[in-house]
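Here is a short report on cavities and aromatic rings. Keep the model in view as you read.

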Amino acid sequence: MKYEKVALSIILVSLPCLVFDFLLPAYTTELGYTVFQLSILYSVYSFSTLVMRLLIGKISDRYSRFLVLCCAMLLYGIAYFLFSQARGLGYLLAARMVQGAAGILLTISAVSLITAEKTSFAKGLGRYGGNRQLGGIIGIGLTFYVLNRTDFLEGWSQIFLISSAFAMVSLILLFIKKPSHISETATRTGKVVYTPLEQKIWMLNLLYCIPVSLVGVLVIPYMMEAYHVDMQAIGFVFMMPVMLTAFLSPRIGQIGDKLGYKKTIFSATLIAAALLVLLVFSPNLQIFAIVWTLYEIALTAQDYSLDALFVQGVPEQVMGDFYGKFMLSTSLGGIIGPFIGGSVFFLAGGKAPYYLCAVILTAISILVWKLIPAGGKSDRNVPGLTEKQDSDIVI
């Protein structure tokens, strides 16, 4: 199944993907929860997805990518409906768990489709990211339209009810574009065992996710504290990187394909560290928005290149298990980062987490230069899979 056939469904199911990080802190504040309680919500969610990523990754390899995609769309529809009804922390956590399972399925299936096309990996990941961002931009427009016509709590419910409906539409579109013949993934024997280089990349991804999630959770509370602005002004800050990365994601991904994954990861990490320091010296929200946009672009380039390096040479038939284990490091980082960020924010103030994050990213850039070879990865053989002359992978 070609990625182009699922692009529109991915756009439609992604409506809340950008506004969510903007809406959730505001929603929990409206419900009376503190910044520390919000950070706990993120950490508990990441912990719950830790097990799901491994389990779902293995399951997805036993079914066609079409079926996996359909399950992802269905779960997104259920998650958005649960969000529309959520009025407490427990209900929000349950909805987040369903959303997490949907996100895992969607990402694994999309990455598998991209790698199966045997084209530029980072550029393909950029296309996927761009489609998600484009759906998010539409979702931002929907959010502003709804919130301008009603109060925040009622608007939250309406936004996610509409998103749930569009998720169901995306599922219908998948069936309309269903290919006449869907080749099932091959059942394999044995386990996917990471090479020493893949283990190093896994650890680097964990180290990356700690500072990134640390800053991501705290950016809205920091802007509120530092600039004393309302949510509409904060929404402007989010719009700039979203608009750019939505349309430039394939080109940002191409940087790694052309420059080399190691150089791109190293350079983007150092740039991101420097930009974090500049953030805390921004004299007004406009300058903060520009620096934040550049920071998001640098992280996007780093993220696509690191993912592309990791999946390079991996057969599509085992991508679910392989990439599912990789995303365990993302979950671990998502558990550790928000907890550290919330604690540092509470104990040392709003600027301290940014300085800490800059130091961590600088240290990671040194590890990148030492651990990743300039030539990248080579193709790998997976036990239990062989290849026929007609290119079908079989046992």
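## Aromatic pairs

Rings of Phe, Tyr and Trp (its six-membered ring) pair if their centres lie within 6.5 Å; planes under 30 degrees apart are stacked, over 60 edge-to-face, and the rest tilted. By this rule there are 15 aromatic pairs. Take Trp292 and Tyr295: their ring centres are 5.2 Å apart and their planes lie at 35°, so this pair is tilted. Trp292 and Tyr295 are three residues apart in helix α11 (residues 285-311), about one helical turn. Both Trp292 and Tyr295 are buried (under 20% relative accessible area, 1.4 Å probe, protein chains only).

The model is predicted: local features need pLDDT of at least 70, side-chain atom pairs count only at pLDDT 80 or more, and totals for chains, interfaces and linings use all residues. Residues are numbered from 1 along each chain as its sequence is written, and side-chain values use heavy atoms, without hydrogens and water.

## Cluster and charge

One aromatic cluster is formed by Phe20, Tyr27, Tyr76, Tyr80, Phe83, Phe152, Trp156 and Phe160.

Elsewhere, Lys262 places its charged end over the ring of Trp369, 4.5 Å from the ring centre (NZ of Lys within 6 Å of the centre and within 35 degrees of the ring normal).

## The second largest cavity

A cavity is a set of points on a 1 Å grid over the protein atoms alone where a 1.4 Å probe fits but cannot get out. Two cavities of 30 Å³ or more are found.

The lining has seven nonpolar residues, two polar and no charged.

Definitions and conventions
1 Å grid on protein atoms, 1.4 Å probe; cavity = no way out; pocket = protein on both sides within 12 Å on 5 of 7 lines; lining within 4 Å. Points joined across faces, edges and corners; volume = space filled by probe spheres on them. Nonpolar A, V, L, I, M, F, W, Y, C, P; charged D, E, K, R; others polar. Helix = DSSP H or I, 4+ residues; strand = E, 2+ residues; numbered from the N terminus. Buried < 20%, exposed > 50% of the residue type's maximum accessible area, 1.4 Å probe, protein only.
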